[in-house]
Structures are given as structure tokens and as C-alpha cells.
Amino acid sequence: MEVSSPTLRVHLLGSFEAFLNDTPVEDWESEKCKLVLKYLLTRRGETCLNDQIIDNVWPGDGHNNDKFMNLLRGRVYHARKTLNFGGKPTENFIETVSGGY
């Protein structure tokens with residue numbers, strides 16, 4: 001039996017809504033977690049550098065690079081965990097690349 005890949009559908013205009021295999025995704029760890037996902041989705045197909053994401057998600061916070069890199073990694077981890085498929089986090093929706101996502 002072949003297992004199909006999960007399908008993610010997101011509404012970015014108006015109220016933010018995400019659906020995984022037509023089931024609403026509601027258990028977000030934080031608003032920043034959703035904001036990181038929104039940022040990445042608006043740049044789908046592009047490489048988003050860590051510094052760019054940090055500057056847009058945490059604007060004007062006098063970025064201590066280590067602190068904000070840890071915050072970013074944590075929000076990406078929680079977004080992946082929230083968008084789980086089969087009970088485990090998946091990287092299918094957020095791909096890690098050198099220097100970003």
C-alpha cells in the first residue's frame with residue numbers, strides 16, 4: 001500500500017488559515033511560529049536567508065545573532081511539528097538549505 005504525501009493548503013489573505021489534508025491546523029506554538037511560516041510561504045521557491053527572516057519576523061529588536069538564530073530554529077521546528085504527518089515532524093513543507101530555508 002502506497003502512502004500519499006500530505007497536502008498543505010494555506011490562506012494568507014484575510015485571516016490566516018492552514019489545512020493539512022483538509023484538516024484545519026490550529027495548534028500553533030506561537031504567533032511568531034505562524035509568522036515565520038507566512039514569511040516563507042510568501043517567498044515560496046526562493047531561498048530565504050536566516051538574516052532576512054530574522055529582520056522581517058523580529059524587526060528592530062537589535063539582533064543578537066545567536067539569540068535570534070535560536071529563536072528562528074525553534075519557530076521552524078515548531079512549525080514542522082505542527083504540520084506533522086503520521087505523528088512525526090516533516091520537513092516536506094520547510095526545507096533547510098545552507099544559510100536559510
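**Close-up views of a predicted model**

**View 1. Volume of the largest pocket and elements that line it.** A probe the size of a water molecule, rolled over the atoms, shows where empty space is left. For the largest pocket, the computed volume is about 470 Å³. Strand β1 (8-11) supplies at least two residues of the lining, and so does helix α1 (31-42).

**View 2. The open sheet.** Three strands, in the order β1-β2-β3, make up an open sheet with antiparallel pairing. Strands β1 and β3 (23-24) are the edge strands, each pairing on one side only. Side chains in a regular strand alternate between the two faces of the sheet.

**View 3. Pairing of β1 with β2, and their hairpin.** Strands β1 and β2 run antiparallel and are joined by 4 bridges. Opposite R9 stands F19 in β2. The hairpin of these two strands has 5 residues between them. In this hairpin, G14 takes a positive phi near 75 degrees.

**View 4. Pairing of β2 with β3.** Strand β2 covers residues 17-20 and pairs with β3 in the antiparallel sense, over 2 bridges. P24 in β3 is the bridge partner of F19.

Technical notes: Residues are numbered from 1 along each chain as its sequence is written. This is a predicted model: local features need pLDDT of at least 70, side-chain atom pairs count only at pLDDT 80 or more; totals for chains, interfaces and linings use all residues. Side-chain values use heavy atoms; hydrogens and water are left out. On a 1 Å grid over the protein atoms alone, a cavity is a set of points where a 1.4 Å probe fits but cannot get out, and a pocket is an open set with protein on both sides within 12 Å along at least five of seven lines; lining residues have an atom within 4 Å of a point. Grid points are joined across faces, edges and corners, and a volume is the space filled by probe spheres set on the points. Two strands pair if DSSP finds at least two bridges between them.
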